[in-house]
Amino acid sequence: ASVISLFIHIKTNIMRVRPSFPGIVLLSGLITGTLGILAAIVQYRIMFPGQQISRLFAYIGSGVFGKAAFSGDPAMAWYGLLFHYVIALLFSLLFFLLYPKIPVLRKYPVTTGLGYGLLVWCIMQAIVLPLSNVPHGPLHLVNSMIGILILILMIGLPVSFIARRYYAEF
């Protein structure tokens, strides 16, 4: 019984310590980045069975390196993974900066997450991808819907709930 009360005491005291703003943004970026890349891997495996996952990461890296990302250099896959996490971190930072300035975001965390996931998709499609060196092709409705769903579930909703808890605790 004393061990259980010790764990309860530790958990209670840890929960009272507010993480720093950079710390919570980094944590949010790591969580959403990991969820996003796991979803992308599952989608990639379904769409391209038998292909190496490193090719998916190289595709992300091609945003900066263009066709050179597909050279087979293992570093390109690592760069792609790094760029993926940087993008997730930046979208988390954007949300954490907007959250305290737009009061309605606090009222409806699910709606906020849905909207933010859709906003992330729009920003990626309208700004990030056109400015990158990623091979471009036409938008397909099914792929777009899958992409939107992934961004809602893996970035929008998690960052909405993380921010809600962070700003509500103190």
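Predicted model: local features only at pLDDT ≥ 70, side-chain atom pairs only at ≥ 80, totals over all residues.

Reader: Which residues meet where H3 packs on H4?

Author: From H3 come Ser 54, Phe 57, Ala 58, Ile 60, Gly 61, Val 64 and Phe 65. From H4 come Met 76, Ala 77, Tyr 79, Gly 80, Leu 81, Phe 83 and His 84. By class, that contact has 10 nonpolar, 4 polar and no charged residues.

Reader: What makes His 84 buried or exposed?

Author: His 84, found in helix H4, has a relative accessible area of 16%. Buried means under 20%. His 84 is therefore buried.

Reader: Which residues is His 84 in contact with, leaving aside its neighbours within four places in sequence?

Author: They are Gly 33, Gly 36, Ile 37 and Ile 60. Ile 60 is also one of the H3 residues that meet H4.

Reader: What is the handedness of the crossing, and which residues make the contact?

Author: H4 passes H6 in a right-handed crossing. Ile 87, Phe 91, Leu 94 and Phe 95 of H4 make the contact with Thr 112, Tyr 116, Val 120, Ile 123 and Met 124 of H6. By class, the contact of H4 with H6 has 8 nonpolar, 1 polar and no charged residues.

Reader: Where is Ser 132, and what makes it buried or exposed?

Author: Ser 132 lies in the loop between H6 and helix H7 (141-169). Its relative accessible area is 15%. The cut-off for buried is under 20%. Ser 132 is therefore buried.

Reader: What does the side chain of Ser 132 reach?

Author: The Ser 132 side chain reaches the backbone nitrogen of Val 134 at 3.2 Å. A polar contact needs N or O atoms within 3.5 Å. Ser 132 and Gly 63 are also 4.6 Å apart in space, C-alpha to C-alpha. In sequence, Ser 132 and Gly 63 are 69 residues apart.

Reader: How many helices and strands does the protein chain have?

Author: There are 7 helices and 0 strands. From the N terminus on, the elements run α-α-α-α-α-α-α. Buried residues make up 34% of the 170 residues in the protein chain.

Reader: What does the C-alpha trace span along its principal axes?

Author: It spans about 55 × 40 × 25 Å. Of the contacts in the protein chain with a separation of 6 or more, 68% involve residues 24 or more positions apart.

Methods: Residues numbered from 1 in each chain as written. Heavy atoms only, no water. Left-handed = near helix turned anticlockwise from the far one by under 90°. Helix = DSSP H or I, 4+ residues; strand = E, 2+ residues; numbered from the N terminus. Contact = heavy atoms within 4.5 Å. Nonpolar A, V, L, I, M, F, W, Y, C, P; charged D, E, K, R; others polar. Buried < 20%, exposed > 50% of the residue type's maximum accessible area, 1.4 Å probe, protein only. Polar contact = N/O pair within 3.5 Å; in protein donor to acceptor, adjacent residues only side chain to side chain.
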